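Look at the model first, then read on.

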Amino acid sequence: MANSIYILFCESPLDTNQVDEDFADQYFSAKENGFETLLFNFEELISSDGCSSATKKLKPKDYVVDTIYRGWMLTPNQYSILYNQLLTKNYKLINTSEEYQNCHYLPDSLKFIENRTPKTVYEKIDHENSIDRLLEKCKIFGQNPVAIKDYVKSEKHDWETACYVPNASDTDILKSSISKLVELRGNHLNEGIVVREFVQLNDLTIHSKSGMPLTEEYRLFFCNKKLIGIYEYWEEGEYSLRKPDTSEFEEIAQRVESNFFSMDIARQKNGEFIIIELGDGQVAGLPDKTNRNEFYRELNICC
Ligand SMILES: Nc1ncnc2c1ncn2[C@@H]1O[C@H](COP(=O)(O)OP(=O)(O)O)[C@@H](O)[C@H]1O
Ligand SMILES: [Mg+2]
């Protein structure tokens, strides 16, 4: 019989013997589909001082076992701490810290997807001139609209003020949107800011709460370069068109240096698909409509 594969979930902050409520459905689906499950203390990992005991309840293994984390996003540094702690007990996460960062930070993903994703510039925010340097780089967008986010996340629910800028040459508005984004991300700002050419995507509907346009997007997951599944990204909106042909994205996936990642693709108004972003498969959310059992069944087949 093949060796078991372990899936590591976060403990509930309310009861550390239980899985985090937000992942309960996935925890049970993972078990049902042939995985062994583990729990660790996420709060301890992310608190700056207590990280050494985040995995204290895990029993060391006598031999190395393959392990996949499914939980909340981690910074590359937190991921690296978790990776090393687990390895001392012989649990080996599916992605190294470098592989994690490859899909977690958009600037690191660009080398794999550059030809099929909107034109992008970025700048680390670590200096009083950082935003001005970024504005300088934005000149390549001319008067075109742009979308902004940090290296990982946007503030897409503040679409008008901190995500979408209709004219990149309007430097005052671009600067104020970037500043608003930095302010909203606060302590959670991931490294720096990216600015991307805004492309016209095929509309589904307008988000009922934030006013953000919801467009025809799909999340693909790949494990060991094999496509696990393709899932409708938004809960709202009618996905009436045929599902995309994924063959060219499966080809791109062969070059992505990660053993488990997500790839978000969107249909443009002209019918062509582009890649919006990659994500590490361990921290990429399952779209609401995704059948959990089906996902874990396919994951088990691919890994
Ligand atoms: N360059 C772009 N052109 C058109 N729409 C975009 C672009 N970038 C992002 N969007 C839209 O904004 C949404 C949020 O952007 P995304 O980069 O996925 O941020 P997040 O990491 O917060 O999910 C996307 O799902 C897509 O609908
Ligand atoms: Mg996204």
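Domain bounds here come from an automatic or database domain assignment. On that basis the protein chain has domain 1 (6–93), domain 2 (119–197) and domain 3 (201–302). The model is predicted: local features need pLDDT of at least 70, side-chain atom pairs count only at pLDDT 80 or more, and totals for chains, interfaces and linings use all residues. Residues are numbered from 1 along each chain as its sequence is written, and side-chain values use heavy atoms, without hydrogens and water.

**Domains**
- The C-alpha centres of domain 1 and domain 2 are 34 Å apart.

**Second largest pocket**
- The second largest pocket holds about 540 Å³ of space (volume: the space filled by probe spheres set on grid points joined across faces, edges and corners).
- Its lining has 27 residues; closest to the centre are Ala147, Trp159, Leu201, Glu217 and Ile276.
- A pocket is an open set of points on a 1 Å grid over the protein atoms alone, where a 1.4 Å probe fits, with protein on both sides within 12 Å along at least five of seven lines; lining residues have an atom within 4 Å of a point.
- Domain 2 and domain 3 both contribute lining residues, so the pocket lies between them.

**Glu277**
- Glu277 is buried, because its relative accessibility is 15% (buried: under 20% relative accessible area, 1.4 Å probe, protein chains only).
- Its side chain makes a polar contact with the side chain of Lys149 at 2.6 Å (N or O atoms within 3.5 Å, one able to donate a hydrogen and the other to accept it; residues adjacent in sequence count only if both atoms are side-chain atoms).

Methods. Chains are lettered from A and ligands numbered from 1 in the order in which they are written. Buried means under 20% relative accessible area, exposed over 50%, partly exposed in between (1.4 Å probe, protein chains only).
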